[in-house]
Amino acid sequence: MRIALPHDLGREEVRRRLKSRSHEIVDHIPGGIAQVDTSWTGEDRMNLAVGAMGQQVTGHVDIEESQVVFEVTLPAALSFVQPIIEGAIRSNAQKLLESK
């Protein structure tokens with residue numbers, strides 16, 4: 001699943017906000033039992049691994065000059081909830097990019 005979110009912040013500011021707030025991702029996952037791991041492979045790519053209820057979702061976030069692109073791989077058992085996950089990424093990613 002690929003989700004592109006436009007922004008007008010510039011790469012450096014998006015990078016700064018994601019690095020300083022990536023720990024908040026777990027707060028946006030219902031149930032409170034998820035494990036979220038992030039790592040950076042270069043300045044503009046953050047890898048994600050989310051584990052909950054025996055399922056693992058992996059992906060990455062690419063920071064581009066005018067958009068942030070989420071690439072998420074869902075296991076077959078979760079393919080039916082793809083629209084829900086996509087909606088959650090869209091709304092919660094915008095919150096992570098907001099100024100605090």
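Me: What radius of gyration does the protein have, and what would a compact globule with 100 residues have?
Reply: The protein has 13 Å, which agrees with the value near 13 Å for a compact globule of 100 residues. That radius is taken over C-alpha atoms, and the globule rule is 2.2 Å times the number of residues to the power 0.38.

Me: Where do these atoms come from?
Reply: This is a predicted model, where local features need pLDDT of at least 70, side-chain atom pairs count only at pLDDT 80 or more, and totals for chains, interfaces and linings use all residues. Residues are numbered from 1 along each chain as its sequence is written, and side-chain values use heavy atoms, with hydrogens and water left out.

Me: OK, which order do the elements run in?
Reply: From the N terminus on, β-α-β-β-β-β-α, with helices (H or I, at least four residues) and strands (E, at least two) taken as DSSP runs numbered from the N terminus.

Me: How do H1 and H2 pack?
Reply: H1 (residues 11-21) and H2 (residues 82-97) pack at about 100°, with axes 9 Å apart. Axes are lines fitted to C-alpha atoms, for helices over the stretch in contact, and angles run from 0 to 180 degrees between N-to-C directions. The two are therefore roughly perpendicular (65 to 115 degrees).

Me: Which residues make that contact?
Reply: Val14, Arg17, Leu18 and Arg21 of H1 meet Lys95, Leu96 and Leu97 of H2, contact being heavy atoms within 4.5 Å.

Me: Switching topic: is Ser22 buried or exposed?
Reply: Ser22 is buried, at 12% relative accessible area (buried is under 20%, exposed over 50%, partly exposed in between, with a 1.4 Å probe and protein chains only).

Me: And what does Ser22 touch?
Reply: Thr38 and Met46, leaving out residues up to four places away in sequence.

Conventions
Parallel < 35°, antiparallel > 145°, perpendicular 65-115°, else oblique.
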